[in-house]
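Reader: I'm new to this one. Could you show it to me and walk me through it?

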Amino acid sequence: MTLEVPGTLRVEVGVVVERRPGVTPWAEHAWQPREVIEDAPPAPPWTVLREEAGRTLFLAGTAKVALHPTDTDNYIHNLEQDPPRIWVLLRPTEAPPGYALQAVTVDAGEAQLYAESGSDLLEALPMPPRLRLLVERFVAEHHKVREFHKRKRDRADTEALGRRSRLEAP
């Protein structure tokens with residue numbers, strides 16, 4: 001069971017991935033997400049889109065980008081970048097072609113968490129224009145400025161910090 005934050009919006013996008021010959025003896029192929037498309041054609045994952053000169057473009061599949069009302073600060077920081085980014089995560093698998101489309105996000109904080117795994121392939125790509133407009137509208141509707149409240153420290157009891165003998169009762 002997953003809890004859904006009220007107001008969460010999910011947008012489906014397609015991911016185009018390129019496979020090209022490896023340049024080292026240790027890797028037969030190199031994989032790289034190339035583009036996120038807003039209107040993905042109805043095709044099964046890992047459909048070949050084009051092949052030329054040893055390079056193959058695949059439609060890796062579709063994923064849903066989740067926009068949460070509580071994460072609008074992260075979206076604002078992303079929209080301030082030139083250009084705004086969308087992150088694609090591919091996870092190695094035993095099944096052909098060797099990777100699975102795991103996630104797509106516009107939240108840099110979430111992307112950072114994925115980057116820490118080490119074995120996943122994470123790529124930052126330019127955010128598609130209509131998705132950018134949708135994120136801007138989502139932020140305008142849901143963003144709430146949260147004021148920072150500095151907590152005051154409790155005053156230390158200097159008498160309690162002194163040494164006590166074993167005979168003294170607390």
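Author: A term to start with: helices (H or I, at least four residues) and strands (E, at least two) are DSSP runs, numbered from the N terminus. This is a predicted model, where local features need pLDDT of at least 70 and side-chain atom pairs count only at pLDDT 80 or more, while totals for chains, interfaces and linings use all residues. Residues are numbered from 1 along each chain as its sequence is written, and side-chain values use heavy atoms, leaving out hydrogens and water.

Reader: What radius of gyration does the protein chain have?

Author: That radius is taken over C-alpha atoms, and the globule rule is 2.2 Å times the number of residues to the power 0.38. For a compact globule of 170 residues the rule gives a value near 15 Å, but the protein chain has 24 Å.

Reader: Is T72 buried or exposed?

Author: T72 sits in helix α1, residues 72–79. Buried means under 20% relative accessible area, exposed over 50%, and partly exposed in between (1.4 Å probe, protein chains only). With a relative accessible area of 0%, T72 is therefore buried.

Reader: Which side chain does T72 join in a polar contact?

Author: Such a contact is a pair of N or O atoms within 3.5 Å; within protein, one must be able to donate a hydrogen and the other to accept it, and residues adjacent in sequence count only if both atoms are side-chain atoms. At 2.8 Å, the side chain of T72 has its partner in that of H143.
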